[in-house]
Amino acid sequence: MARERLLVYYAFTQPSSQPGTFGPVSLVAGPNPAEMQLAEITLRRIRPHDRVELASTVGWRGFFGNPVVEFRIRRGGINGPVVFSNRDTGATDGTTFDFTTTFDHAEKGLSSSIQTYVLTVRLIQSLSPAGNVPVQIIGPVHFEGSVIDDNPR
Amino acid sequence: MSRERLLVYYDFDQPDSFSGSITPIPLTLPAAGALPTEIPLATVNLNLVRPHDRVRLAATVGWRVVAVSGPFSNEAELEFRIRRGGTTGVLVSSARDSGFPIEDFREITTKFLYTEGGISHSVQYTLSVVLVNAPGAGPGTTPAQIIGPIHFEGSVIDDNST
């Protein structure tokens, strides 16, 4: 008997495949650092029992201090609810270094068959004076989503 | 002719979706001579597996180093482990990551992948973590914590079409 196959939709966006080919998008130090959108995907054919799996890889550069960045996934758009977040820290040792942060997120029970997800980043902590730029997003930027049918019994 | 599709089973466990939202899970340095405690974080159960399938596991964990001997002190190293067959099952994969605190903390995300074959029927995998090194931290102190997110998933992928 044939085995049921589960992947029903996949979408990805890859605005940059290598460091140095994105933006750069600057994260500016200050009391309320801005949340910057990096990428967006739309998944379709979603049913409530499906699993939605999102994966991301972002390359970024720290210029000084030891900045902490937070990546977020919002559902629906830049003002939609935050469904996932994770943090990473760069050790710059007083000079410029590059870092890569990669992560997965999954959810289920979605009521709409079409969902848009946006990947964003914001500065969480840095010892830089307001107005300085301790971090830039330089690439790569990869954001993907898979819609996975529920498992066979 | 239609192309064969390969994903036949998928399961995920995501006890926490955010950085800093859960009560931190402490990784405490034991008394001298004692082994650190391996702490289970998540579990996936995969069914309908055949021996020629590829089982692909992916884990993402947010954690932080905690300066217990003063700011910028005690670098800490963690080992993330995947066991097959329960919390005391065979160790099939591990990955390490390290950091030193910036002032009092250092927040880090670690993600790693593992794939294996030759599995039949049903299988359970457990993601766990253990402190492996924290020079400069004393016994009974907590030089690292799991702060979230915690994501663990498994995919069963049919063998490729020939």
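**Cores and sheets of chains A and B**

User: Which residues of the largest nonpolar core touch the most other members?

Analyst: This is a predicted model, in which local features need pLDDT of at least 70 and side-chain atom pairs count only at pLDDT 80 or more. A nonpolar core is a set of buried (under 20% relative accessible area, 1.4 Å probe, protein chains only) Ala, Val, Leu, Ile, Met, Phe, Trp, Tyr and Cys residues joined through side-chain atoms within 4.5 Å. Of the 38 residues in the largest such core, those touching the most other members are Leu46(B), Leu57(B), Leu78(B), Ile82(B), Tyr125(B), Ile146(B) and Phe152(B).

User: How many residues does the second, separate core have?

Analyst: Ala39(A), Phe99(A), Phe103(A) and Ile137(A) are among the members of this second core. Its size is 31 residues.

User: Which residue is the bridge partner of Arg83(B) in β6(B)?

Analyst: Strand β5 (residues 76-84) of chain B runs antiparallel to β6(B), joined by nine bridges. In β6(B), Arg83(B) has as its bridge partner Leu91(B).

User: Which residue of β6(A) is the bridge partner of Arg72(A)?

Analyst: Strand β5 (residues 68-75) of chain A pairs with β6(A) in the antiparallel sense over seven bridges. The partner of Arg72(A) in β6(A) is Ser85(A).

Technical notes
Residues numbered from 1 in each chain as written. Chains lettered and ligands numbered in written order. Heavy atoms only, no water. Pairing = 2+ DSSP bridges. Helix = DSSP H or I, 4+ residues; strand = E, 2+ residues; numbered from the N terminus. Buried < 20%, exposed > 50% of the residue type's maximum accessible area, 1.4 Å probe, protein only.
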